[in-house]
Structure formats: structure tokens, C-alpha cells
Amino acid sequence: MKQLIISRDHLETRVAVLEDGKPAEMYLERPRRQSLVGNVYKGRVENVLPGMDAAFVDIGLDRNGFLSVGEVVAPETRSGGSRKIGDLVKPGRELLVQVTRDPMGGKGPRLTMEVGIPGRYVVYLPGGKGSGVSRRLDEGERERLRTISREVKPDTGGVIVRTAAEGAGKEAIERDLRFLQRVWAGAERRAQAAPAPALAYAEAELAVRSARDLLSPDYSAVIVDDEKLHRRLVSYLRAVAPEFKDRVERYSGEMRLFERFGLDQEMEKALARRVGLPSGGHIVIDYTEAMTVVDVNTGRYVGRRQLEDTTLKTNLEACREIVRQLRLRDIGGIIVIDFIDMTAKTNREVVLAALEAEFTLDRTKTYVMEISPLGLVEMTRQNVTQGLREIVTAPCPVCRGQGRVISEESALIVVERRLEDLLGCSALPVLRVEVHPRIAARLACESGEMLQRLETGAGRRLQVQEAGEEVPLAHVAIVPD
């Protein structure tokens, strides 16, 4: 069974999904760093770039949103007309757009004009047509829900029935749809009244969004540590999914909720580069600008029989842990997995099948390519939110995000050359400088031979002081008198 753990205070909201007692998904939302995905804005087109077949739209944020030609909805596109961005939108035009991906790195949010307002059982498409049903359901249930969706479909707009509608009756689905129609009517009124750029519709907060999107009969409990949020979730579920309202529990223990379930430690592990496997192997997760790379190693696991058996067992263990880490860290984009090389083609097929089977638990869209003779698997995972790493961490100010710093020997050479330059251009009889403590110790070692050489060459004295440990190894600064 699964559990949904929700903790909120004035600092942040944290949500964790537990599967058999282990965290499978974790999400964070902070007041100053809330996700924009799902928000609908009245924006203004700033630039149209024919060479990129895209436009940049001002929605009131620091960075303009990116609208590709494939996300533009216009009468011309429906009638089979031009699909060139310059023919569809012009600078200065006002548009209703929805955020589909949060800003990441130096890129602004991704936008679409195909607006969808999600509810518990359906997604209402104000500008869409027809109806559809989630493909995650079996064919018999899909056919039942197709019939219901055709019966409740409004005169304007389209409907997509979600996976959560499994077993739901027509009345519940229709009630959810009518509620979404009222929500959209309010968003349209706000958009018409406000000058662009303006927020027309804000997606629900993380806690409510999680209950809406995640809850299913597989969940035994929703545990919440905030009284106000507990009441809100009970009220929300009473209205949209009464069968789950009694599963919401108010946690009032002395120990913090996340600490009670060991989730603070799990969050720290989710930021680690290296993750252990049950038999002694491990995986290493590295991030680059273009992709995420996962390397599988046997580590201290040496096996008991042949190398191929050892390799196969390690790779199979890695499949489960890799998918768990991708979900836990919410890693998206291009992902390359470097499995340990396997000689037998059948073993490669077994590993690929195991990987694909693990991804059936993942709600996020993925596409996995076949395993190469070198043991590489290329895949993509839908990039929606920033993920734990981007929210919790920041680039190191010393290594500037590269993960490596200059060696002590190299820093000493850099410092000595800088000191030579400073002594050469200074007119002061005594030059006072500060350097990193370890470099100061190296300069003073061997009876100060290095300092003596510098002073002799410049004809003036040099006084070296220790700076704090937090400065870069190659730090050199003049100390004023």
C-alpha cells in the first residue's frame, strides 16, 4: 500500500509518496519558488523568431516564456493553413497561454495555447474538441469511460478523462466537469478585465494538487501535520472524492512528520552523487547541461560464479534503483544509462525489459530506446518541474558548479605569480596580502625560501596573512594599512 505524507510550515511545503514504506516521489514548494506549471496567463508577444519557429511571450516574469509553433492554436492551424510562426502570431498580440514547464537554468518557462484545466477525474480543454480517456486504463474501463465522456461533454470545449476516474460514476465525473467550467469562466473574466501581462488562473497549491492527482485506492492514508491544511484537504476530498476523505489523518506527534518517517535523511540521500545497491554495487548520477548520465558499477560485489552472472545481477538491481532515483529526484530531459557491459544478447534484453517494467510505476512520460552493444540506454523523461536538486541546492561559489576545484599545487603556482606581479607594480616598501591558510603555510615552509625569493626579486618586503578557510585556494588580496 501507499501513503501520502504532507508537511507544511511557514518555510515550505513538502510532499512524499511512500511505497511499501520507502519514498518513491518527493516534492518541495517554497513561497518564493512555487511551480508555475498549470498557471494560465494573459501574455503579450514580445519577439517572433522565424528562424526558431517560435515566439517569446511576456507573462510578467523575469524571463519571457517560450512558445513554439506547435503549441500555437489559431483558426489557420485548424483549417490546415500555414504553420509558420510569423503567420500565426505578431509582436504585440495578446494571448492566453498556459505554462507547461517551469523556468530551468537560463531558460524561461515553456508555454502552450492549448489550455487544460485539471480536476480530479477530468481535464477540461476550453479550446478543444471531442473527448478522450487515459491510456493507462484497461480497455474495458476505457470503453465505459468513453461512453460517459461523450454523454457529459459540454457544447464548447473538450474533455480528457483521467486515470483517477477508474470506477467513478457519471454523476461524479459530470460534477467535476461542471466545477472546472465555472473555474474557467472566472479565469476568462479576469483575463478580459486585466491588461497584459496578467495571471488569469493559478494552479492549486502543491498539497491539494498532490491529493488531486495522486490519490487512488492504492493509498491507505494521507498524513498531514498542519491543521488548516488538514481541514482544507478533507473539505476538498469531500467535494470531489468522498471515498477518500476518511483516509486523511492529522499528525500531532512531538517528532516532526518527515523526521518520523525518516524522510529528512532520504532527502539528503536524494542529493548524493553515489547511491548503493543491495548486493554491494552502486550507481553514480552526474548532471550536465545537455543530459543526465547514470553509471552502474559492481563496486564491492564480486559475485560467486561467472562475471556475466555478476554483471546481470548488478544491472537488474540497478534498474529498480535508477527508476526510483529518477522519480525521487524528478529528473527529466535526456538520460543516458551506462549499464555494465554484458556479452549475451539475451541478458541485455532481460535488463531492458526489467527497466521498462519499473517505468510502469512512473506517472511521468518516458521513452526508452533499446540497449546498445556497449551497454548504453538512451531515454527521455518529461521535464516539468525543477526537481529536488535545483530547489534545494545552488552552484558551488568556489568551483562554480563544475564539481572540481584547483589543486593546492596549482593554486600555489597561481598565487606566487600574482605576488610577483603585485610586488613588481607596487611602490610600497611593505606589501601586505592575505591568502588561503594552506597556501600561507606552503609559502612559509622550508624556512620561507619562497618568500625570500619573491622579496629579493622585487627589492621590497612581503607580509603574508591568513584569510578564512572559505576563500578559494588561489585567493590573493591586498590588505590595506
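I call a residue buried under 20% relative accessible area, exposed over 50% and partly exposed in between, using a 1.4 Å probe and protein chains only.

**Ground rules.** This is a predicted model, where local features need pLDDT of at least 70 and side-chain atom pairs count only at pLDDT 80 or more, while totals for chains, interfaces and linings use all residues. Residues are numbered from 1 along each chain as its sequence is written, and side-chain values use heavy atoms, with hydrogens and water left out.

**Whole chain.** I looked up the secondary structure and got 13 helices and 24 strands. Those are DSSP runs numbered from the N terminus: helices are H or I with at least four residues, strands are E with at least two. Of the chain's 481 residues, 46% count as buried. The C-alpha trace spans about 95 × 65 × 55 Å along its principal axes.

**The ring pair.** How many aromatic pairs does the structure hold? I found 1. Rings of Phe, Tyr and Trp (its six-membered ring) pair if their centres lie within 6.5 Å; planes under 30 degrees apart are stacked, over 60 edge-to-face, and the rest tilted. Phe56 and Phe66 are edge-to-face, at 5.6 Å centre to centre with 70 degrees between the planes. Phe56 sits in strand 5 (residues 54-58) and Phe66 in strand 6 (residues 65-68), so the pair ties together parts 10 residues apart in sequence. Phe56 counts as partly exposed because its relative accessibility is 24%. Phe66, at 17%, is buried.

**The core.** Next I checked the largest nonpolar core, which has 48 residues. Such a core is a set of buried Ala, Val, Leu, Ile, Met, Phe, Trp, Tyr and Cys residues joined through side-chain atoms within 4.5 Å. Leu4, Ile6 and Leu233 are among the residues touching the most other members. Helix 4 (residues 170-193) gives the largest share, 7 residues. Apart from this core lies another, of 26 residues, including Ile285 and Leu312.

What is Leu233 in contact with, leaving aside neighbours within four places in sequence? I listed Ile6, Ala207, Val208, Ala211, Val224 and Val248. Contact means heavy atoms within 4.5 Å. Leu233 also turns up where two helices meet: Ala207, Val208, Ala211 and Arg212 in helix 5 meet Leu229, Arg232, Leu233 and Tyr236 in helix 6.

**Charges over rings.** Arg14 lies over the face of Phe258, 4.3 Å from the ring centre. Arg260 does likewise with Phe261, at 5.0 Å. The cut-offs: NZ of Lys or CZ of Arg within 6 Å of the ring centre and within 35 degrees of the ring normal.
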